Amino acid sequence: MSLHQMAVSPPFLLSSRSAYTLNPLLFSTRRRFCFPLSHSRFTSIKCRSFAVAASENGVFTSPELAKSFDFTSEERIYNWWQSQGYFRPKFHQGSDPFVVSMPPPNVTGSLHMGHAMFVTLEDIMVRYHRMRGRPTLWLPGTDHAGIATQLVVERMLASEGIKRVELGRDEFAKRVWEWKEKYGGTITNQIKRLGASCDWTRERFTLDEQLSRAVVEAFVRLHEKGLIYSGSYMVNWSPKLQTAVSDLEVEYSEEPGTLYYIKYRVAGGSRSDFLTIATTRPETLFGDVAIAVHPQDERYSKYVGQMAIVPMTYGRHVPIISDKYVDKDFGTGVLKISPGHDHNDYLLARKLGLPILNVMNKDGTLNEVAGLYCGLDRFEARKKLWSELEETDLAVRKEPHTLRVPRSQRGGEVIEPLVSKQWFVTMESLAEKALRAVEKGELTIMPERFEKIYNHWLSNIKDWCISRQLWWGHRIPVWYIAGKDSEEEYIVARSAEEALIKARDKYGKDVEIYQDPDVLDTWFSSALWPFSTLGWPDESAEDFKRFYPTTMLETGHDILFFWVARMVMMGIEFTGTVPFSYVYLHGLIRDAQGRKMSKTLGNVIDPIDTIKDFGTDALRFTLALGTAGQDLNLSTERLTANKAFTNKLWNAGKFVLQNLPNRDNISGWQTMQAYKFNTEESLLRLPLPECWVVSKLHMLIDAVTESYDKFFFGDVGRETYDFFWGDFADWYIEASKARLYHSGDDSVALVSQAVLLYVFENVLKLLHPFMPFVTEELWQALPNRKEALIISTWPQTSLPRNTNLVKRFENLQALTRAIRNARAEYSVEPAKHISASIVASEEVIQYISEEKEVLALLSRLDLDNIHFTDSPPGDAKQSVHLVASEGLEAYLPLADMVDISAEVQRLSKRLSKMQTEYEGLKARLKSPKFIEKAPEDIVRGVQEKAAEAEEKINLTKNRLAFLKSTVFVSQ
């Protein structure tokens, strides 16, 4: 920037603080300065140690005794919180409770970043409302995870050479419970490492006796209303696990495959009369029940109404039909309909009244319908069938084709669409009530855009398959009559004893019954979680009366359908009310490049390892800065930046503590504690920097509280970060040193000490929900703490602030920045103090001159050579002219800052070098060969470099001209 430009444009910063560069989530427009200040020239005050008080209980460490916050103390602090009962709701507080049901992680689980995200966000909510004075309950628990747990234990048994079927159901269940008792607490302990302030005395497990009773009660009530039925329908079948699985447990992947073209001869026609179909699964042709073409496809219209011969079935005939469902442009435009093994074919067959033909056994082998292929694995059968089709001249060709393959989330095997007898819940009437809840405002979904997805899913809902062919889970409360071939007659009861009584009443006292072997889908018990954990179906239970309905349900947006919507439906159905008032949906955690974390990519970031390297607080702060519903890219750079923020807090705490009065200075403490900041009068009595920082704090408290109430956690983090680092640490702490080290007046120092303590303790309160460990450690080190930070009172809102005085200090800041920029531009040594003339109106000079010591300290000015005037000084033409803001200017004598002759020489050499480089760039751009042959981005890059070089040359020329004119004037 030239000197002439400096005179007419606002000052700018040459560089920003590295923490901001590292942390792209902090989108503040405020720039930082980094201007190291030495304390050596000031008389240091005595150390005011509060380390003893902070360490009295053996839990906490004072910043005065530790260079930085020790992450290993986090578990010690957490255990202390828990031992004091701080996580339990306090009913004496009187207001409405704030209740969150933790999404129960799988008991088999190990902590991943998705868990870290929900724990962070929910704990922020709970800690905030606890400090706001509401009784808070965060109810934790784990899910029995039917498929996942059974799979883990089966693998364990297999390593011992034992098969599940060899043990029998009861013994296998016993082994699973043993495994759960031994390993099931892993995920719980890891959640505690994240600082989760849950009420662990109320921890639940979905197979607990009380929750199991709730599951049975829900099944019985739904069946009594005619909403549960059994039947044979298409499901996602896992051949390896031998069970139906939910849509959520099926993951689709794009994989290379093959499209097979096969001849289907027309019955009664010549050898040239055939239809060619294209299929990716030729082994399912044994289940074909029709061949379909589009009604307007003239190629095949003559065959509609005739019969086709299914290959390799010894002449089995199927009808050739027409339907608009057929895509004329896919493959050959001819569709084989195999309703037993394709979801779309199944729906089409039901619409057209076609039969269902199943060719697959439960283990993925072909059954007797496949004739000679019976007993072959489905993939082996595919290879063998194609080979024999080629031999019989029925194979046309095969070609590469990208497939969308459904795979089991648990085992990775290919899922088989299969018609199977299962239990279902009729969902339409339940969904209607859940839709109305959002429509009437009884339930708020955040972000709002997910309401459309919620409404779309519930408006197009299908019946829910709730049965699973497993041994671990809630056994379906249905009993059949022994000796009867048909299972159409059954008894639904709350227990085996009740079922036997019902059976005897209907079939006689000698009747024998047996229970359905299936268990319920894990999501069935999870759908009852908000109220079953509070005592339902006993609606007189104390917790149910106090805490239901709950307040908030926070979870990932990917299970809005599978869990959230089902909880809403079941809550309304069984309790008559929506189970929670708000749904907060967070996004997925991705790597720094925006990719989904996976073991295959090797980009999985382990939360426990992250905590060891960066601390829990830095991890939580990073995760919480995201936006609701949007995916978050996590990188070590962001974690590093927020670890630096933790250290900045620690160092600020150390500064505050070391600059408080001595503990035995009773009069000093009495004077300092007499300062109040809750009235306009008390605020106006403060000096300008103190009034500014207190006003800014009060503005922050209001803004942050509003953002907390609106669940805008990213805004909370950014606003608090900006204030603490930009206003308090970078400006006020530095300004306070003029009072603490330079004034020589204890009364002046006491004002600053009182403000330092007041602002710092309020910052700790605002940040505590985000960064609980470091803030509690610092809080305990502060003097006269009567309670833990976790249960302290939230800062009061609507406190006084003076915007006029804030603007005055901002003028002082602008002046300081302008002087600093000029010093940096002219490479003035940091230790060198320079003179300055400040030009402004009488009003501005009055308040700026009152803070002359602060200005001198922050700008490295010679305190004895700062002159205040209403007109430019006599040496103005030999000075650097700065315009700090409208009506506030400064003149810095150039001779004070640099050796003018040496600077002219240095800039002349620099200008010569820049001109040489610039000419080289221009020569390349004038070359037709370069312009024509070089890639567009390379040419654009050279053009940008040339433009930048030209701008630098002009700036340097202007600087040289100014320096030379200064020499001329002085001569």
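Which residue in the turn of the hairpin formed by β28 and β29 has a positive phi? G887 does, at about 85°, in a turn where 2 residues lie between the two strands. The model is a predicted one, in which local features need pLDDT of at least 70 and side-chain atom pairs count only at pLDDT 80 or more, whereas totals for chains, interfaces and linings use all residues. Residues are numbered from 1 along each chain as its sequence is written, and side-chain values use heavy atoms, with hydrogens and water left out.

- Strand β29 covers residues 888-893, and because 5 of its 6 residues are buried, it is largely enclosed by the rest of the structure; buried means under 20% relative accessible area, exposed over 50%, and partly exposed in between (1.4 Å probe, protein chains only).
- Helices (H or I, at least four residues) and strands (E, at least two) are DSSP runs numbered from the N terminus, and two strands pair if DSSP finds at least two bridges between them.
- Strand β28 (residues 879-885) runs antiparallel to β29 and is joined to it by 6 bridges, with A890 in β29 as the bridge partner of L882.
- Strand β26 (residues 834-840) also runs antiparallel to β29, through 4 bridges, and A840 has L888 of β29 as its bridge partner.

**Salt bridges**

- A salt bridge is a side-chain nitrogen of Lys or Arg within 4 Å of a carboxyl oxygen of Asp or Glu, and by this rule the count comes to 43.
- E217 forms a salt bridge with R494, their closest N and O atoms being 2.7 Å apart; since E217 lies in helix α10 (residues 209-224) and R494 in the loop between β19 (490-492) and α15 (496-507), the pair ties together parts that are 277 residues apart in sequence.
- E217 counts as buried at 12% relative accessibility, whereas R494, at 35%, counts as partly exposed.
- E283 meets R382 in a salt bridge at 2.8 Å, N to O, and R281 forms another with E283, at 3.7 Å between the closest N and O atoms.
- E283 is buried at 1% relative accessibility, and R382 is buried at 16%.

**The loop residue N361**

- N361 lies in the loop between α11 (343-352) and α12 (378-391), and its relative accessible area of 29% makes it partly exposed.
- The side chain of N361 reaches the backbone oxygen of L366 at 3.2 Å.

Conventions: A polar contact is a pair of N or O atoms within 3.5 Å; within protein, one must be able to donate a hydrogen and the other to accept it, and residues adjacent in sequence count only if both atoms are side-chain atoms.
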